[in-house]
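Please read the following points alongside the model.

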Amino acid sequence: MSDTYEKEPTQAWITTFAGTAINLCLGILYAWSMWGAALVSEVTLAPGDVVSKTAVIAAAKATDADRTLPGNIVVKPKEAVPRSEALKVKFGTNPKEGYELLSDVEKKGDILRAGDIVTKAGEPMTDPKNVGWIFLNNAEAATPFSLCVIMFALLMIPGGKIQDKISPKFGATLGGLFLAVGCIIAGMMKSYTGLVIGFGIFGGIGMGIGYAAPTPAALKWFGPHRRGLIAGLVVGGYGGAALYIGPLAKYLIGSFGITQSFVILGVLFATVVIIAGQLIKIPAPGYVPAPPRVAQTAKQLAASTKHNWEAGEMIKTWQFYALVFMFILTTQSGLLIIANAAGLLSKTGAKIPFFAANAWLLVSFGGLVNAAGRVGTGFYSDKIGRLNAYCLNCGLSALCLFTLPYIIGSENIFLLFLAVGVAYWQYGGGLSLMPSFVGDFYGPKNLGFNYGLVFIGWGLGFFMARLGGTIKDLTGSLNYAFYISGALLVVSVILAFSTTRPLWAEMQDKVKVNA
């Protein structure tokens with residue numbers, strides 16, 4: 001016997017907004033750019049700067065003694081300075097004296113020029129609040145973030161199984177505990193290894209299991225006509241986390257140091273996740289979601305399946321692999337921007353002290369747009385269709401990525417916020433579209449596990465954040481990373497237009513033929 005409702009019961013909305021609360025905490029991932037900025041120390045040489053074997057002193061702060069001290073070099077606009085006179089070479093994180101030359105703008109050998117970028121990777125931090133920490137290079141600072149993304153994606157699969165077979169409440173509790181342990185490890189070990197193990201592995205496990213709990217549970221209470229909006233509301237919390245985590249992380253790092261910022265945020269967020277997880281429930285067997293108030297068109301009805309596909313059936317369809325690749329392509333550009341948001345504003349607004357000192361503003365703005373993009377895209381995808389919403393978002397974001405090198409070079413703050421905002425909207429929109437795509441294509445019953453499998457694509461999208469760090473180390477900028485990422489978004493639009501919903505009848509025909 002089925003239970004049919006004219007409108008969704010109260011528990012449906014309790015589950016939805018409890019899921020939002022959980023994701024507001026699991027979105028700690030989006031605070032990584034603030035930790036990354038604290039872990040990396042780079043200086044772009046300018047005319048008048050003084051370079052010694054242990055420091056780069058900005059021209060505005062350099063004294064006459066700094067300029068005349070034997071062994072110190074004053075950077076001049078055109079005159080090349082032999083690198084060996086000023087710096088000792090350093091590779092990776094070997095703690096040797098001095099700075100390592102990161103990029104040589106004119107590529108003319110072993111020299112220093114205005115515009116070159118030097119990094120203090122491998123040097124111990126001197127701030128008393130961060131005693132025991134060592135500066136990282138860009139590639140190293142991107143690794144815990146990238147590994148966390150991988151673990152997040154991989155653990156969505158068992159997390160989805162936990163949600164489907166045990167309960168979303170159990171999944172949220174387990175995820176919260178892993179998150180707390182991971183943040184404590186990352187903070188207390190005070191090392192690159194600790195960041196990899198704590199934030200990258202344990203944090204990723206907690207995020208994956210915890211994130212798998214609320215979205216499928218909430219979607220099971222609603223019909224296809226509200227699938228996009230509900231997915232957007234739940235996952236919107238994850239994107240919106242950066243709205244407050246950015247300034248909160250900056251405050252904690254500045255006031256208490258890197259270690260305490262990890263511990264405080266980890267324990268706080270795990271507590272909220274565990275409490276909110278107790279409010280999440282799935283409907284009883286036989287529950288039938290409330291129908292739409294306005295009759296759906298034939299096209300809208302055709303966009304959603306009436307059969308609940310098992311995972312084994314789903315992976316036999318080519319559309320499953322298409323969705324995974326669509327997820328990879330929509331994710332990679334967003335993770336590139338998220339991992340570098342604070343640095344983009346610091347560089348573009350370097351001549352404006354307010355923006356240079358408050359790089360968290362772009363992180364928080366991105367969090368707001370990210371969250372709005374999830375809800376907004378989910379809402380209009382219910383109206384114009386998932387395909388049209390996906391292609392609209394990716395197409396506009398590609399244009400913005402292609403223009404970012406020009407925007408950064410022109411130091412235009414308004415255009416930077418606009419372009420980065422579009423990229424955040426597209427990324428956030430993808431995270432509400434993809435569970436809706438999976439629900440439309442394969443049904444809601446096994447959505448936890450099925451979406452967990454498709455979510456692998458989100459984890460594989462990590463490569464662009466890591467590649468971006470490497471490109472920046474080699475070239476001194478992210479320009480080539482932006483071009484590559486934009487081109488991949490163009491590919492995503494082409495792939496999306498080629499992907500149609502699998503038909504159960506056709507699947508059965510294939511089974512009969514193979515039999």
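Which residue lies over the face of Phe449, and at what distance from the ring centre?

1. Lys161 is the residue in question, placed over the face of Phe449 at 4.4 Å from the ring centre. A charge counts as sitting over a ring if NZ of Lys or CZ of Arg is within 6 Å of the ring centre and within 35 degrees of the ring normal.

2. On the basis of the values: this is a predicted model, in which local features need pLDDT of at least 70 and side-chain atom pairs count only at pLDDT 80 or more, while totals for chains, interfaces and linings use all residues. Residues are numbered from 1 along each chain as its sequence is written, and side-chain values use heavy atoms, with hydrogens and water left out.

3. Searching the whole structure gives 26 aromatic pairs, where rings of Phe, Tyr and Trp (its six-membered ring) pair if their centres lie within 6.5 Å, and planes under 30 degrees apart count as stacked, over 60 as edge-to-face and the rest as tilted. Phe178 and Phe202 form a tilted pair, because their ring centres are 6.1 Å apart and their planes stand at 35°. Since Phe178 belongs to helix H6 and Phe202 to helix H7 (residues 192–211), this pair ties together parts that are 24 residues apart in sequence. Phe178 is partly exposed at 26% relative accessible area, and Phe202 is also partly exposed, at 27%; the term covers the range between buried (under 20%) and exposed (over 50%), with a 1.4 Å probe and protein chains only.

4. The rings of Phe455 and Trp458 are stacked, because their centres lie 5.1 Å apart and their planes are at 25°.

5. Helix H6 (residues 168–189) has 22 residues and reaches 32 Å between its first and last C-alpha, close to the expected 32 Å, the expected span being 1.5 Å times one less than the number of residues. Helices here are DSSP runs (H or I, at least four residues), numbered from the N terminus. Among the buried residues of H6 are Gly171, Gly175 and Cys183, and the helix is followed by Lys190, whose phi is positive, near 50°.

6. Helix H12 (residues 318–348) bends by about 65° at Asn340, the bend being the angle between axes fitted to the seven residues ending there and the seven starting there. Of its 31 residues, 24 are buried.

7. Thr16, in helix H1 (residues 10–26), is buried with a relative accessible area of 0%. Leaving aside neighbours within four places in sequence, Thr16 is in contact (heavy atoms within 4.5 Å) with Ala218, Phe222, Ile230, Leu233 and Val234.

Terms used. Helix = DSSP H or I, 4+ residues; strand = E, 2+ residues; numbered from the N terminus.
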